[in-house]
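This briefing covers strand pairing, helix packing and a few single residues. Please look over the sequence and the model first.

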Amino acid sequence: MDKLIIQGGPKICGEIRISGSKNSGLPILAATLLANGPMNICNLPHLNDITTMLALLRCMGVGITINENMAVEVDPTTLTDHEAPYELVKTMRASILVLGPTLAKFGKADVSFPGGCAIGSRPVDIHLRGLEAMGAEIEVDGGYIRARAPNGLKGTHFVMDVVTVGGTENLLMAATLAEGTTILENAAREPEVVDLAECLVAMGAKITGIGSNRLEIEGVKALNGCTYTVMPDRIETGTYLVAAAATGGSIKLRDTRADILTAVIHKLEEAGAEISVEGDTISLEMHGKRPKAVNLRTAPYPAFPTDMQAQFTAMNAVAIGTSAVTETIFENRLIQVHELNRMGANITLEGNTALITGVERLTGAPVMATDLRASASLVIAAMTAEGETLVDRIYHIDRGYECIEEKLQQLGVNIRRVPG
Ligand code: UD1
């Protein structure tokens with residue numbers, strides 16, 4: 001297993017390009033299953049999760065061609081199989097996103113039931129109940145979700161019990177080909193859901209209320225192929241901004257968007273960062289200062305994203321003052337706290353809240369990554385620490401951060417990968 005070795009100390013300084021969004025690339029790749037012709041998807045990040053989704057489409061018989069500028073051509077017309085096998089789903093829960101489009105287009109889908117993961121139990125009951133409301137018959141058998149709709153799906157009015165990003169995406173994709181109108185209430189408003197909806201509209205879907213918590217979808221008979229460019233990754237953007245703030249550094253991020261990061265940018269300003277936005281470039285300057293501790297509470301978009309919580313916890317660990325960080329989306333998403341404490345952080349857990357007293361400096365130590373965003377928080381902590389930190393199990397980080405060591409090296413960080 002590969003490891004990262006980071007020598008702490010230098011303040012981050014420099015300019016990098018932000019990659020395409022993993023969390024909108026994944027549903028958009030799943031959405032290609034709905035098309036009647038080839039789709040050309042641009043700005044996909046080169047990440048293990050994207051590779052897994054491409055492998056899943058390929059094993060269903062879909063034709064995949066990667067062209068010279070890393071755009072991926074997906075031809076779903078060659079599909080032969082309706083199954084997402086256990087071997088792929090167990091490595092990536094987002095494989096569940098093929099359920100809605102496969103069922104809507106072909107009338108049947110067999111998807112291995114995704115298990116829990118390090119950050120929580122993560123059920124998919126809302127995905128299944130929404131599809132049942134559209135007339136699907138669903139059975140769980142031999143570890144597989146077996147969904148059938150031989151006469152096609154029907155429009156419905158469905159209110160989601162909790163705000164779920166993946167659930168909204170699955171039902172939105174399914175509804176585009178259902179007969180009649182579907183209304184999805186309490187839908188997720190995350191920018192990745194908007195990106196998917198805009199891709200579906202470019203394919204010929206009829207969707208109104210995009211960006212709101214009430215989506216109305218008028219089913220169409222068929223969707224066409226198109227070319228679509230995936231939006232920039234807001235979590236990658238936020239992670240590098242926090243890394244610069246935690247180290248008292250300065251950074252310029254190109255090819256990104258500030259309008260989908262409002263809650264994160266406000267918190268960074270509260271921490272003392274000077275942030276300026278020019279077109280698709282965001283710059284952050286700390287003037288060498290230590291950040292100030294900030295309180296935060298995660299909640300669905302447009303509130304503070306759970307995917308940025310771990311990185312802010314690491315920044316607060318070296319900030320001036322005390323803070324409370326409350327996680328409300330996933331039950332076990334403060335696990336990185338124990339590793340941060342091994343590096344000299346002063347954090348106590350009270351239920352789903354981390355109470356953090358900032359220390360002036362952490363110290364390097366061997367630590368273990370437990371999930372994607374927790375790994376990013378350990379890398380940020382390592383950059384601020386005295387001495388060397390070895391981050392083990394970094395396969396988690398490779399699922400979500402394109403070329404992380406190259407980008408950090410470009411920003412002046414002393415980081416290297418050791419193959420394990
Ligand atoms: C997506 C993101 C993930 C992010 C999360 C929340 C992708 C590939 N992943 O995950 O990075 O952290 O949104 O912003 O886009 N829930 C149910 N029943 C369901 C579905 C969800 O109870 O059927 C609960 C979950 O347990 C969780 C909450 O709803 O507590 C939110 O989960 P959800 O938004 O579905 O997360 P994902 O789509 O899996």
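Strand 11 (residues 181–185) and strand 13 (residues 214–218) are antiparallel partners joined by five bridges. Strands pair if DSSP finds at least two bridges between them, and helices (H or I, at least four residues) and strands (E, at least two) are DSSP runs numbered from the N terminus. The model is predicted, so local features need pLDDT of at least 70 and side-chain atom pairs count only at pLDDT 80 or more, while totals for chains, interfaces and linings use all residues. Residues are numbered from 1 along each chain as its sequence is written, and side-chain values use heavy atoms, with hydrogens and water left out.

- Ile183 has Glu216 in strand 13 as its bridge partner.
- Helix 6 packs on the sheet and touches strand 10, strand 11, strand 12 and strand 13; the direction of helix 6 makes about 25° with that of strand 13. Contact means heavy atoms within 4.5 Å, and angles run from 0 to 180 degrees between N-to-C directions, with axes fitted as lines to C-alpha atoms, for helices over the stretch in contact.
- The sheet is open, has four strands in the order 10-11-13-12 and shows mixed pairing.
- Strand 10 (157–159) and strand 12 (206–208) are the edge strands, each pairing on one side only.
- On average, neighbouring strands of this sheet are turned by 15° against each other, direction ignored.

**Helix 6 against helix 7**

- The axes of helix 6 (residues 165–176) and helix 7 (residues 191–202) come within 10 Å and cross at roughly 10°.
- That angle makes helix 6 roughly parallel to helix 7; the cut-offs are under 35 degrees for roughly parallel, over 145 for roughly antiparallel and 65 to 115 for roughly perpendicular, with the rest oblique.
- Val165, Thr168, Glu169, Leu172, Met173 and Thr176 of helix 6 meet Glu192, Val193, Leu196, Ala197 and Leu200 of helix 7.
- The residues of this contact divide into seven nonpolar, two polar and two charged. Ala, Val, Leu, Ile, Met, Phe, Trp, Tyr, Cys and Pro count as nonpolar, Asp, Glu, Lys and Arg as charged, and the others, Gly among them, as polar.

**Sheet 6-7-9-8**

- This open sheet of four strands has the order 6-7-9-8, with mixed pairing.
- Strand 6 (83–84) and strand 8 (137–141) stand at the edges with a single partner strand each, so one side of each has no neighbour in the sheet.
- Strand 6 pairs with strand 7 (residues 108–112) in the parallel sense over two bridges, and Glu83 has Asp110 in strand 7 as its bridge partner.
- Helix 4 (residues 99–106) lies across strand 7 and strand 9 (144–148), running at about 160° to strand 7.

**Strand 3**

- Strand 3 (residues 39–42) is covered on both faces: Met39 and Ile41 on one side and Asn40 and Cys42 on the other are all buried. Buried means under 20% relative accessible area, exposed over 50% and partly exposed in between (1.4 Å probe, protein chains only).
- Strand 3 runs antiparallel to strand 5 (residues 72–75), joined by three bridges; Asn40 has Glu73 as its bridge partner there.
- Strand 3 runs parallel to strand 14 (residues 227–229), also joined by three bridges; Ile41 has Tyr228 as its bridge partner there.

**Single residues**

- Ser323, in strand 19 (residues 322–326), counts as buried at 5% relative accessibility.
- Glu278, in strand 16 (residues 274–278), is exposed, with a relative accessible area of 67%.
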